[in-house]
Amino acid sequence: MKTRVRTTCPRDCYDSCGIVVIRRPGMDPQVRGDPDHPVSRGTLCGKCSVAYNREWLDPAVRLTSPLRRTGPKGSGQFEPVSWDVALGEIAARLQAIVASAGAQTILNAHYTGTISLLAGLFPMRFFGRLGVTEVAPDTICNMAGHVALQYTYGTSTDGFDPRTAADARCIVVWGANPSASAPHADEHWLPESGATVVVVDPVRTDTAARADVHLMLRPGSDALLAFALLKIIVAEGLQDDAFIAANVHGYAELRALIDAVDLKDAAVRTGVDEAAMRQVARLYAAGPSLLWLGQGLQRQPSGGNVMRACAALPALTGNIGRPGTGILYLNGNAAVRGIDDAYALGAPATAAPPAISHMDFAECLADAGRSQALFIWNMNPAGSSPEQGRLRQAMRREDLLTVTADLFMTDSARLSDYVLPAASFLEFDDLVLSYFNYTISAQVGALPAPGLALPNSEIFRRLARAMGYDEAGLYESDADILDRALAGCTAVSSFAELAGRGTVDALRDPWIPFADQSYPTPSGKIELASARAVADGQPLTARPDCDDAPRDGRLRLLSPASQWTSNTSFGNVGRVRARLGEPGVLLHPADAAARGVADGDAVRVHNKTGSLAAQVSVSDAVQPGVALIYKGRWPGLDRSGANVNVLNPGARTDMGESSAVHGVEVLVESVR
Ligand SMILES: Nc1nc2c(c(=O)[nH]1)N[C@H]1C(S)=C(S)[C@@H](COP(=O)(O)OP(=O)(O)OC[C@H]3O[C@@H](n4cnc5c(=O)[nH]c(N)nc54)[C@H](O)[C@@H]3O)O[C@H]1N2
Ligand SMILES: Nc1nc2c(c(=O)[nH]1)N[C@H]1C(S)=C(S)[C@@H](COP(=O)(O)OP(=O)(O)OC[C@H]3O[C@@H](n4cnc5c(=O)[nH]c(N)nc54)[C@H](O)[C@@H]3O)O[C@H]1N2
Ligand code: SF4
Ligand SMILES: [Mo]
């Protein structure tokens, strides 16, 4: 008999596609896009439709048993052991570390390998009880943007409801690349809006190539470009004075900086000609306009300032608080959906738990006084984190207890003492809250987990037991937490109902954040001048800054998402690897010529931090002065034994201790 189970993809992706898992006796399961789902419409992205039907279902590729290291660290020599043995030994070592060095020397590295509620948050109850140091998750991704938007709007997670796109006449996609990071939104939502689409990106991404207007600016010149647009807006009288008077704090302070902008100079330094700036300024100001600020945008040295500068556009033009307007970074506000996501995390600790930035992770791991143990789950830092060489070297410390829970033998798992097999999203129930659409989706266990693999929640319930903890919250069942999380939700009455429906809109009508013109800032207004920023040692307002072009033959390395991997997830998938081919670097024809290299030539990309072998692709899809290498390959599967993060020194942004990875500089030289 054929069965069909509806579920949801919980990858770190704007789309949160609906899936159907089809089972027929005697045949392999099929994992397909749900034809009834408003986003996936029957098709998954290429990477998921390949991986979910092959490696993710293959017990020969998946981890199926707890493993204990037998050879030297990183040798890949492990033996299978039972859960009781693995967790018993881990617990004994943790207790010894707590007694001797203190729990703060246990590091907890986790992120969004899955964004589902239980698998993403429940383990934090255990780590809160243990009292570990957290490697602050958002510092590897988007913290600068959060800080900047919180200064300005008091929140960074309210966004706009994508359902209001039909009301928008202009949509600006600034430093996001939905053709890779949100493929269905790119294919359907953006064109079906009917709006004029403007992309601001130093790369001609597929989204940019299809847009009505592409401002191909120099990387790092965004704040100056935003000020140039503001200058045109005020010079042409396109600002919304009534809106500013009622809702904006600090306009006069910003206005002084806007007036000082020289458009001719800005055109030279941003690489965007004045006519194109004028076109976009007029389009945006006329509105209604949506502004999508990407996470890639703020991963540059002055990422916080860039976000504050861009965030002034809605404030001066009143493009916020009405249908078809608004500013989206992440729709992360679960409360709007009636979901109590904090509950899954457990009772908040009385004092903020200790934390370090990912920018300090390698250094901390190299210091035995600060790190005695490392837990890794929902993450692959050996592929994703900065200072890859130093980090992986530190992970070889024999005295460091490292435990990794994953589906696959990643580079991080390989460097661990214990490897714990995690169940995939296809194998347990959970809740998925898209960070683009204001929806609620069921993740429904459709298949048995391979071998001994367990969901994250069960792994940490068992570890709590091995530690002898007696707090009831550490043992709460998945079903109870899901019911509790959904209790305040009006769109659906139970998990069982949601499981049948797959995805529901949390709110019947589109939600218009700030429709009441009230902002959760100290002044209650949009703060273009922020006393909170000043108290944090930041400038009062955004500034029209622009990074200098790299000097002495260096190029600015951009390492954004490829459409074929999701961070390093899928980097081990055969067909994905075939698609990706050899590790490559994209260079502008002028930069290739200056280095005497052509398509297909082998080069060494290097800087003080590291070195990577790559094959050149020459393309004017990148600006002169840029080298583009996609993130997401598995270091251990490539010839260099490294990926692009071997070149990443872990420089931090101006705000939030966050990753400035799109500001790395490299030399590229021929190895002929
Ligand atoms: N296929 C796929 N999808 C993903 C991911 C993935 O790895 N693969 N990752 C997921 C995650 S974790 C995240 S955070 C999101 C991120 O998704 P996005 O926000 O789209 O971020 P990125 O792909 O890093 O970068 C987006 C764009 O920023 C541009 N950029 C770089 N530097 C600058 C600059 O100085 N100025 C401007 N204006 N643009 C710049 C890059 O050229 C790139 O096209 O995507 C999610 N979706
Ligand atoms: N050079 C460069 N580096 C970057 C970026 C960049 O733009 N450039 N982007 C950064 C960004 S935005 C981010 S968010 C980080 C992301 O980096 P990571 O958080 O390390 O993301 P992944 O590499 O996808 O690793 C997630 C792991 O979780 C595992 N996993 C999936 N589901 C489960 C589960 O249910 N349980 C368990 N235990 N494991 C599971 C997957 O198999 C995978 O190995 O990378 C950052 N690194
Ligand atoms: S990764 Fe994104 S596009 Fe691909 S199936 Fe999952 S949600 Fe859809
Ligand atoms: Mo991210």
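This section describes the overall form of the protein chain and the surroundings of its two ligands in a predicted model.

The protein chain contains 26 helices and 27 strands. Its radius of gyration is 25 Å, close to the 26 Å that the globule rule gives for 672 residues, so the chain is as compact as a globular protein of that length. Along the principal axes, the C-alpha atoms occupy a box of roughly 70 × 65 × 55 Å. Buried residues make up 60% of the 672 in the chain.

Ligand 1 is surrounded by 36 residues, and the closest of these are N177, D201, D222, T565 and N567. By class, this shell comprises 15 nonpolar, 15 polar and six charged residues.

Polar contacts to ligand 1 involve both side-chain and backbone atoms of the protein. D222, listed among the closest residues, places a polar side-chain atom 2.6 Å from a nitrogen atom of the ligand. The backbone of S562 contributes an N or O atom at 3.0 Å from a nitrogen atom of ligand 1. A polar backbone atom of D12 is found 3.3 Å from a nitrogen atom of ligand 1. On its own, ligand 1 has 910 Å² of accessible area, of which the protein covers 99%.

Around ligand 2 there are 29 residues, with N380, S384, D406, T568 and S569 coming nearest. The shell is made up of 11 nonpolar, 14 polar and four charged residues. Domain 1 (67–136 + 355–505) and domain 3 (555–670) each supply at least three residues to the shell around ligand 2.

A nitrogen atom of the ligand lies 2.9 Å from a polar side-chain atom of S559. Oxygen atoms of ligand 2 also take part: one such contact, at 3.3 Å, is with a polar backbone atom of S566, and another, at 3.4 Å, is with a polar backbone atom of M379. The accessible area of ligand 2 on its own is 920 Å², and the protein covers 97% of it.

Definitions and conventions. Residues numbered from 1 in each chain as written. Chains lettered and ligands numbered in written order. Predicted model: local features only at pLDDT ≥ 70, side-chain atom pairs only at ≥ 80, totals over all residues. Heavy atoms only, no water. Near = heavy atom within 4 Å. Polar contact = N/O pair within 3.5 Å; in protein donor to acceptor, adjacent residues only side chain to side chain. Areas by Shrake-Rupley, 256 points an atom, 1.4 Å probe, with all protein chains shown as cover. Nonpolar A, V, L, I, M, F, W, Y, C, P; charged D, E, K, R; others polar. Domains from an automatic or database assignment. Helix = DSSP H or I, 4+ residues; strand = E, 2+ residues; numbered from the N terminus. Rg over C-alpha atoms; globule rule 2.2 N^0.38 Å. Buried < 20%, exposed > 50% of the residue type's maximum accessible area, 1.4 Å probe, protein only.
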